[in-house]
Amino acid sequence: MISGWTRFLPRKNKKDVDRSIRYIVSHAYKNVPFYRRTFDKSGVNPVDIRKAEELTHLPIIKRLDMMVAGPAEYLSCDVSPEELVIRHTTGTTGTPVTVYKNRLEEAFRKITIIDAYKRNTSLTCPMTLVNVGPERKDGSTKIVQKIGPITIIKLFRDIPMEKKISILMSIKPTIMGGRPSAYWNLANALREKKIIPHSPRLITGGAEILFPHVRKLLENVFRCRVADYYNSEEGGNLAWGCPANPELMHPNTATVWIEAVDQQGMPVPPGSEGHLIITNLYNYSMPFIRYETGDRGILLETGKCQCGFNGPVMRLTEGRNENFIVLPDGREISPRIMYNVVNSVLPHDKKDWSMIEAIRVFQIIQESNDLIEIKVVPGPAYSNSLWRAVEENLKILHPAMRLKVSIVDDLQPEPGKKFHQVLGKLSSRWKCERDNRENK
Ligand SMILES: [Zn+2]
């Protein structure tokens, strides 16, 4: 299907998007049992989906339904799983997700992330990308990685701060990427030690809210532009921070079509907050069509922006202060890092291990200063022994931390509420600072 290559255009206009939507919907119906079944059940003929706006006729896909169906159902029947790149999401919405891509799709995902950086700065090769605070997972353990003219440096979370700083000072980063909470620690350590780091062209934040006080600290310490990015394993770059207005983001129409819907799955009008639903335009190996991200946001009127971009505009809302865990020494652990404390020691590399078969859903709750409770809805292959490594990992965070595991039948959020993968019950500094600002 020659025309199917539209999906790999690194910048797509609305016509390209509509064409990509038609291809992915028809491909999924023909080749992916999960979608054939789901579309048939909904009574919609995929041929009737001609453009992005008509996606609303299709049902919303929940990650749990997709994962429970299994790879034989959700992968395209013309791919062999052993030839695909596999990633486990570190998402904050309950169900763990395994994402499969072929090498071309994985390469395109990376290209779109670099292209999204170009929206905020000019880039030339060779370049050095520094990732601040990632986890060692899915076979990614090397600090230095070279892909052609691009060098990637990973300052893993478990590297001691002194070492992180010495690595950072030995290179000239072009772009730095990472979570705000990881930057916060790094920038504060640099400031305390009165070390002046090289100034990258751009600092990109993601995965957590980029609070103004964090942005300001980074601008001061690194003396460069700081932009928010919305990336996911399922889609790659979903949106980039607008260079003219840091509060706004531009959805990346090269990778996904984003919708905002209400609790019933009905589209909300522009300017209203909704649950963000994505349709991936390039992953044919494992299509994501009207897939719930678990994130919330506001889509605004499409138009010509001050930054020069002519296209969709959005605002990401992440009510996640309550999701921070506070350790007995006052350090705060973001929900994503906390999720990784659990996820990174599960036996993903073991043959025959299937996360969804072992664990349907789990939730991490801070019960008190030194006690973490994990509530788990077990799958058929569940074993209590899984938690030993998790408890050890928790003690690396802080030796006083204890783990309690409770088996539950279900983990439904309260009606109208978002599921919190990680729920901190202690008041958090982030929250205090935000409340103080709002009260001013
Ligand atoms: Zn803009």
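Me: Two residues are in contact if their C-beta atoms, placed from the backbone, lie within 7 Å. This is a predicted model, in which local features need pLDDT of at least 70, side-chain atom pairs count only at pLDDT 80 or more, and totals for chains, interfaces and linings use all residues. Residues are numbered from 1 along each chain as its sequence is written. Which elements do the buried residues of α1 pack against?

Reply: Helices (H or I, at least four residues) and strands (E, at least two) are DSSP runs, numbered from the N terminus. A residue is buried if 20 or more other C-beta atoms lie within 10 Å of its own, exposed if 12 or fewer, and partly exposed in between, with C-beta atoms placed from the backbone. In α1 the buried residues include Val17, Ile21, Ile24 and Tyr29. The buried residues of this helix pack against α2 (33–42), β11 and β12.

Me: How far does α1 reach from its first C-alpha to its last?

Reply: The expected span of a helix is 1.5 Å times one less than its number of residues. Helix α1 covers residues 14–31, and for its 18 residues 26 Å is expected. The distance in the model is close to that, at 25 Å.

Me: How is β11 joined to β12, parallel or antiparallel?

Reply: Two strands pair if DSSP finds at least two bridges between them. Strand β11 (residues 256–261) and β12 share six bridges, and Glu259 stands opposite Ile277 in β12. The two strands run antiparallel.

Me: Which residue of β13 is the bridge partner of Ile277?

Reply: Strand β12 (residues 273–280) has six buried residues out of eight. Five bridges join β12 to strand β13 (residues 291–304), in the antiparallel sense. The partner of Ile277 in β13 is Glu292.

Me: Which residues does Ile258 touch, not counting those up to four places away in sequence?

Reply: A nonpolar core is a set of buried Ala, Val, Leu, Ile, Met, Phe, Trp, Tyr and Cys residues joined through C-beta atoms within 7 Å. The largest one has 74 residues, and Ile258 is listed with Tyr183, Leu218, Met249, Ile278 and Ile289 as touching the most other members. Ile258 touches Leu238, Pro251, Leu276, Ile278, Leu299 and Met314.

Me: How many residues are in the second, separate core?

Reply: The second core includes Tyr339, Val341, Val361 and Val390. Its number of residues is 19.

Me: How far apart are the end C-alpha atoms of α7, and why does that agree with its length?

Reply: Several residues of α7 are buried, among them Tyr183, Trp184 and Leu190. The helix has 13 residues (180–192), so at 1.5 Å a residue it should span 18 Å. The distance between its end C-alpha atoms agrees, at 18 Å.

Me: Is Ile195 buried or partly exposed?

Reply: Ile195 lies in the loop between α7 and β7 (202–205). Leaving aside neighbours within four places in sequence, Ile195 is in contact with Ile165, Met169 and Leu190. Because 13 other C-beta atoms lie within 10 Å, Ile195 is partly exposed.

Me: What angle does the direction of α11 make with that of β19?

Reply: An open sheet of four strands has the order β19-β18-β17-β20, with mixed pairing, and its edge strands are β19 (402–407) and β20 (422–424). Axes are lines fitted to C-alpha atoms, for helices over the stretch in contact, and angles run from 0 to 180 degrees between N-to-C directions. The twist averages 20° from one strand to the next. Helix α11 (residues 387–397) packs on the sheet, touching β18 and β19, and its direction makes with that of β19 an angle of about 145°.

Me: Over which residues does pLDDT stay under 50?

Reply: pLDDT is the predictor's confidence in each residue, from 0 to 100. Its mean over the protein chain is 87, and 90% of the residues reach 70 or more. The stretch under 50, for which the model has nine contacts beyond four places in sequence, is residues 429–435.
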